[in-house]
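Subject: A structure for you to look at

Hello,

Here is the structure I promised to pass on. Please open it alongside this note, and then read on for what turned up.

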Amino acid sequence: MDPVRNPYAPGAGQRPPELAGRGRELDVFDIVLERIARGRPERSLMLTGLRGVGKTVLLNTLRSQAINRLWGSGKIEARPDQSLRRPVAAALHMAVRELAPRHRAPDRIDAFLGVLKAFAQRSTPTGRAGASSKLRDRWQPGIDVPAASGRADSGDIEIDLVELLSDAAAVASDVGTGIAIFIDEMQDLGPEDVSALCAACHELSQLGAPLIVVGAGLPHLPAVLSAAKSYSERLFRYQRIDRLDRIAADQALCAPADREDVEYEQKALDLLYEKSGGYPYFVQAYGKATWDHAPRSPITAADVRVAAPEAEAELAVGFFGSRFERATPAEREYMRAMATLSLVEGESGGVVRDDMDAAVPTAEIARALGRKPASLSPARDALIKKGLIYSGERGTVAFTVPHFGRYLRTQPA
């Protein structure tokens, strides 16, 4: 097969040639946009799921839907060591610039940009928005109007964000459209920023303002939001993004191949689904390697078997290995115990099930390592902070990366 014509695209946030299995999420967002356009109340949207299921790709696609409806939009990626102020200011600046040419009153745009500049340059009492006043003075958001005074500049991120987003929504309302802010890796926001964002979304929903937040994060994102504001469970619409079912996985492989006049034998598709588990990133990785190794169409199961080691080697380095290397020896020991406990043995002693993506009780991990649970808390907390594991329920942990347990069991102790 010609590698130049290879249609598959395994990459972080890279849109696959066929966005299969996400029609429901796209339809739901279309309804959200249309309802807001008609002045109907709607909730902001939160996408959750493991790494490699295509949350970033879906987030970008939803943003394209908003842009196609002439909404203002901006996107940011949350970081655990960065305040929300400057990234959200940059996102809103981009969104309002998209709306400005359609606004009848340039003075209104300038007034909002003045508030935006004041918000961006105001440090919080904890100093997370800027390391020093000198750094703050050097940083410029690219806004030519002077900073406003007395609006979104109190230094209290919750007060300021409510005021800023309310003003942004008013600008969108002037031109008969809306604004959508997209936040990737949302679980990495600091507690104060999460609380402020929830408060702002709550205020906007009560006002019926045409501004929504679309977040994407790991499976414990709902717990992060709930810890900030108890009403967040009712404030957002949550959508769990999971692996593809068999029909969607086959579509992700076959549709791009059909456009290149290439076919798959049924047994090849069976084997590809078995190896990928339906996870979109893995579907692309195995599809790409199989295409490169297949001598001709139709692609056979034998082609998949020949190509699989190359796909697995690439995943071991780029998808699993890069994350494994970030862990300390103590953290690796903790994860290896998790991986071992995910193996379910039958009465005769043989492995009957590999629940590599299932949650594991922390008490069992401590028992397996012969340690007290409290002594393992630093390793557990560090792994959560690094985004390698998450705690969806109290007393349990699970890997954020699909098939990570299987990978760990292949690594030397």
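How many helices and strands does the secondary structure of the chain come to? There are 17 helices and 10 strands. Please keep in mind as you read that this is a predicted model.

**The chain as a whole**

For 413 residues, a compact globule would have a radius of gyration near 22 Å, and the 24 Å of this chain agrees with that. Taken along the principal axes, the box filled by the C-alpha atoms is roughly 70 × 60 × 40 Å. Of the 413 residues, 52% count as buried. The accessible surface comes to about 19,100 Å², and carbon and sulfur atoms account for 49% of it.

If you take the contacts between residues at least 6 apart in sequence, 77% of them join residues at least 24 apart. As for charge, the chain has 53 positive and 54 negative charges, and their mean positions are 4 Å apart.

**The cores**

The largest nonpolar core has 79 residues. Those that touch the most other members are Phe-29, Leu-62, Ile-212, Tyr-264, Tyr-334, Met-335 and Phe-404. Helix α13 gives the most to this core, with 9 residues. Apart from it lies another core, this one of 52 residues, including Ala-91, Leu-116, Val-171 and Ala-196.

Setting aside residues up to four places away in sequence, Phe-29 touches Leu-45, Leu-62, Gln-65, Ala-66, Phe-182, Ile-212 and Val-214.

Is Val-88 buried or exposed? Val-88 counts as buried because its relative accessibility is 2%, and the cut-off for buried is under 20%. Beyond its neighbours within four places in sequence, Val-88 is in contact with Ile-76, Phe-119, Leu-161 and Ile-181. Between Val-88 and Leu-116 there are 9.6 Å from C-alpha to C-alpha, with the two 28 residues apart in sequence.

**Loops with something to show**

The loop between α12 (280–293) and α13 (301–324) holds Pro-295. Apart from neighbours within four places in sequence, Pro-295 is in contact with Met-1 and Asp-303. Val-213 is 82 residues from Pro-295 in sequence and 47 Å from it in space, C-alpha to C-alpha. Pro-298 is also found in the loop between α12 and α13. The peptide bond leading from Ser-297 to Pro-298 is cis, with omega near 5°.

Which phi does Asp-261 have? Its phi is near 60°, a positive value in a residue other than glycine. Asp-261 sits in the loop between α10 (246–259) and α11 (266–276). With a relative accessible area of 71%, Asp-261 is exposed.

His-403 has a positive phi too, of about 65°, although it is not a glycine. This residue is in the loop between β10 (396–399) and α17 (404–408). In contrast to the exposed Asp-261, His-403 counts as buried, at 7% relative accessibility.

That is the tour. Enjoy looking around, and do write back with any questions.

Best wishes

Methods: Residues numbered from 1 in each chain as written. Predicted model: local features only at pLDDT ≥ 70, side-chain atom pairs only at ≥ 80, totals over all residues. Heavy atoms only, no water. Helix = DSSP H or I, 4+ residues; strand = E, 2+ residues; numbered from the N terminus. Rg over C-alpha atoms; globule rule 2.2 N^0.38 Å. Buried < 20%, exposed > 50% of the residue type's maximum accessible area, 1.4 Å probe, protein only. Contact = heavy atoms within 4.5 Å. Areas by Shrake-Rupley, 256 points an atom, 1.4 Å probe, with all protein chains shown as cover. Lys, Arg positive; Asp, Glu negative; His and termini not counted. Charge placed at Lys NZ, Arg CZ, Asp CG, Glu CD. Core = buried A, V, L, I, M, F, W, Y, C linked by side-chain atoms within 4.5 Å.
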